[in-house]
Amino acid sequence: MKVRVTQIKSGIGYPLRQKQTLKSLGIRRMHQTVEHELNPQIQGMINKVSHLVKVEEIN
C-alpha cells in the first residue's frame, strides 16, 4: 500500500529529532506532499510526526 504524506504544520519549536524525521521522509517545506510505500520504518516515522503531517492512503 502507498501513502501520501503532506506537512500541515511547521516543525519550528519542535525537537530536532522531529525535524530530522520530516527531512528523512523527504519533506522540506510546508504543504509539500511525498508518496511512500508503507512499511514498518515509514509507519514509525509517520507516528513520530503525526501531529505535523496529514496521511492519505493511495489505491
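Contact here means heavy atoms within 4.5 Å. This is a predicted model, in which local features need pLDDT of at least 70, side-chain atom pairs count only at pLDDT 80 or more, and totals for chains, interfaces and linings use all residues. Residues are numbered from 1 along each chain as its sequence is written, and side-chain values use heavy atoms, with hydrogens and water left out.

Gln7 lies in strand E1. Strands (E, at least two residues) and helices (H or I, at least four) are DSSP runs, numbered from the N terminus. Gln7 has 5% relative accessibility, so it counts as buried. Buried means under 20% relative accessible area, exposed over 50%, and partly exposed in between (1.4 Å probe, protein chains only). Leaving out residues up to four places away in sequence, Gln7 touches Leu22, Ile27, Arg29, Met30, His31, Gln32, Leu52 and Val53.

**The core**

Leu22 and Leu52 both belong to the largest nonpolar core, a group of 11 residues. Val3, Val5, Leu25, Ile27, Val34, Ile42, Ile46, Val49 and Val53 are also in it. Such a core is a set of buried Ala, Val, Leu, Ile, Met, Phe, Trp, Tyr and Cys residues joined through side-chain atoms within 4.5 Å.

| Element | Residue range |
|---|---|
| Strand E1 | 2-7 |
| Helix H1 | 16-25 |
| Helix H2 | 40-48 |

**Helix H1**

Which residues of H1 are buried? They are Gln18, Thr21, Leu22 and Leu25. Seen down the axis of H1, these fall within an arc of 100° (taken from the directions from the helix axis to the C-beta atoms), so they line one face of the helix. They pack against E1, strand E2 (33-37), H2 and strand E3 (53-58). On the other side of H1, Leu16, Arg17, Lys23 and Ser24 are exposed. Gly26 follows the helix, with a positive phi near 95°.

**The whole chain**

The chain has two helices and three strands, in the order β-α-β-α-β along the sequence. Its radius of gyration is 10 Å, close to the 10 Å that the globule rule gives for 59 residues, so the chain is as compact as a globular protein of that length. That radius is taken over C-alpha atoms, and the rule is 2.2 Å times the number of residues to the power 0.38. The C-alpha trace spans about 35 × 20 × 15 Å along its principal axes. Buried residues make up 32% of the 59.
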